[in-house]
Amino acid sequence: MEFLPFIVIIVLFYFLLIRPQQKRAKEARELQLNLQPGDRVMLTAGLFGTVTEVEETTTNIKVEIADGVVIQVVRQAVAQKVAPADDSDDEAGEETEVEAAADETSADAENVIVDLDKKD
């Protein structure tokens, strides 16, 4: 009976911390294994791009981040898939929710830089 609190803490620790982390890792692994050319992705560095080539023999993929700019990254650098950009309407297209959040974050960062330059 005196070990019961320790057992309860261990069980809670497993269900609140370890199990969700394992679930996220499994989802990330499945995402990275199922990448196909043409998928629009966001890298862990915050770069957006389109997968152009998936090397089956290695863990590398090639991502086009701008017209004619292709970088080679490991699959683990892919944070998430994003909705493909719709280029049919206009050149800018509609921003995805993630891209809009990234723009907002960078705008906030610019405000911080402006505040740091002020001398009062």
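Trainee: Why is F15 called partly exposed?

Mentor: This is a predicted model, and in it F15 has a relative accessible area of 47%. Buried would need under 20% and exposed over 50%, so F15 falls in between and counts as partly exposed.

Trainee: And what makes Y14 partly exposed?

Mentor: Run the check again with 32% relative accessibility for Y14.

Trainee: Why is the pair of Y14 and F15 called edge-to-face?

Mentor: Take the distance, then the angle. The ring centres of Y14 and F15 are 5.1 Å apart, and pairing asks for centres within 6.5 Å, so the two rings do pair. Their planes stand at 80°; over 60 degrees counts as edge-to-face, so that is the name. A search of the whole structure turns up 1 aromatic pair.

Trainee: What makes up the largest nonpolar core?

Mentor: It has 11 residues in all, among them L31, L35, V41, V63 and V78. β1 (40-43), β2 (48-54) and β3 (60-66) each supply at least two residues of this core. As for V41, its contacts beyond four places in sequence include L35, V51, V63 and V78.

Trainee: Which strands are the edge strands of the sheet, and what makes them so?

Mentor: The open sheet has 5 strands in the order β4-β3-β2-β1-β5, with antiparallel pairing. β4 (69-74) and β5 each pair on one side only, and they are the edge strands. On average, neighbouring strands are turned by 45° against each other, direction ignored.

Trainee: How do you know that β2 and β3 pair?

Mentor: Count the bridges: β2 and β3 have 4, in the antiparallel sense. At least two are needed, so the strands pair. T50 has E64 in β3 as its bridge partner.

Trainee: Last one: why is A83 called partly exposed?

Mentor: A83 comes out at 44% relative accessibility. A83 sits in the loop between β5 (78-81) and α2 (97-117), and its C-alpha atom is 9.0 Å from that of E97, 14 residues apart along the chain.

Terms used: Residues numbered from 1 in each chain as written. Predicted model: local features only at pLDDT ≥ 70, side-chain atom pairs only at ≥ 80, totals over all residues. Heavy atoms only, no water. Core = buried A, V, L, I, M, F, W, Y, C linked by side-chain atoms within 4.5 Å. Buried < 20%, exposed > 50% of the residue type's maximum accessible area, 1.4 Å probe, protein only. Contact = heavy atoms within 4.5 Å. Phe/Tyr/Trp six-rings, centres within 6.5 Å; stacked < 30°, edge-to-face > 60°. Axes fitted to C-alpha atoms, helices over the stretch in contact; angles between N-to-C directions.
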